[in-house]
Amino acid sequence: MKMKMVSAAVFVFAALSSQAAFAIDGTLNFTGTVKSTACSLESKDLTVTIEKVAASTLNALAVGETTPGASEPFSLVLRGCPASVTSANVKFKGNSSTSNQFTDATPSAVGTIIKAADGTLQVPNTDMLAALVEGDNTLNYVAALTRTKTSNVGTGSWTLNLPFEITYQ
């Protein structure tokens, strides 16, 4: 009997002690906004072809400089943007040099620069703001080859696979 009373006392003490360990010290309040559907990207996979650029054309450029003969325009088309979405951050992702060139391309010393239609350099791995209107929007860019080093560029075919992401505001 005495053992049962001691066991009951230990149980009550343990129960009361565990309540003190789980006392509420504060409250987290979560808030936010649920927006309507964002824009839809017309084509998720684009191919931009910059054909037959002479090595001598690129070798005549300074590192990071571009020329119209080694560039090609392309567009990201966003369809059905609601009025509540007024801008987008576009981020082109990839390995880059200190002069803001994407450098995964071969042959050697060849890089790619992306500029918005207004000439604004699209800094690699950085959100770049684009204003949007309700409805359809076309974001125009130019991709251009450039030199990544002062040494002469290599020759041959080149490929650069560049993921991008768009976040809406």
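Arg 79 forms a salt bridge with Asp 136, and the closest N and O atoms of the pair are 2.9 Å apart; a salt bridge is taken here as a side-chain nitrogen of Lys or Arg within 4 Å of a carboxyl oxygen of Asp or Glu. Arg 79 lies in strand E2 and Asp 136 in strand E6, so this pair ties together parts that are 57 residues apart in sequence. Helices (H or I, at least four residues) and strands (E, at least two) are DSSP runs, numbered from the N terminus. The model is a predicted one, in which local features need pLDDT of at least 70 and side-chain atom pairs count only at pLDDT 80 or more, whereas totals for chains, interfaces and linings use all residues. Residues are numbered from 1 along each chain as its sequence is written, and side-chain values use heavy atoms, with hydrogens and water left out.

By the salt-bridge rule, the count comes to four. Arg 79 also pairs with Glu 42, with the closest N and O atoms 2.5 Å apart.

Another salt bridge joins Glu 165 to Lys 91, with the closest N and O atoms 3.8 Å apart. Glu 165 lies in strand E7 and Lys 91 in strand E3, so the pair ties together parts that are 74 residues apart in sequence. Glu 165 is partly exposed at 31% relative accessibility, whereas Lys 91 counts as buried at 19%.

Strands E3 and E7 also belong to an open sheet of three strands, in the order E5-E3-E7, with antiparallel pairing; two strands pair if DSSP finds at least two bridges between them. Strand E5 (128-131) and strand E7 (164-168) stand at the edges, each with a single partner strand, so one side of each has no neighbour in the sheet. On average, neighbouring strands of this sheet are turned by 30 degrees against each other, direction ignored. These angles are taken between axes, which are lines fitted to C-alpha atoms, for helices over the stretch in contact, and run from 0 to 180 degrees between N-to-C directions. Strand E3 (residues 87-92) is joined to E5 by four bridges, the two running antiparallel. Ser 87 stands opposite Ala 131 in E5.

The largest nonpolar core has 27 residues, and those with the most contacts inside it are Phe 92, Leu 132, Leu 139 and Tyr 141. Such a core is a set of buried Ala, Val, Leu, Ile, Met, Phe, Trp, Tyr and Cys residues joined through side-chain atoms within 4.5 Å. Two or more residues of this core come from each of E2, E3, strand E4 (110-116) and strand E6 (135-147). Neighbours within four places in sequence aside, Tyr 141 is in contact (heavy atoms within 4.5 Å) with residues including Phe 74, Leu 76, Val 90, Phe 92 and Ile 114.

The structure holds one disulfide, defined as a pair of cysteine sulfur atoms within 2.5 Å. This disulfide joins Cys 39 to Cys 81, with an S to S distance of 2.0 Å. Cys 39 is in the loop between helix H1 (2-21) and strand E1 (40-41), and Cys 81 is in strand E2 (residues 71-81), 42 residues apart. The link is right-handed, with 125 degrees about the S-S bond. Cys 39 is buried at 9% relative accessibility, and Cys 81 is buried at 3%.

Methods. Buried < 20%, exposed > 50% of the residue type's maximum accessible area, 1.4 Å probe, protein only.
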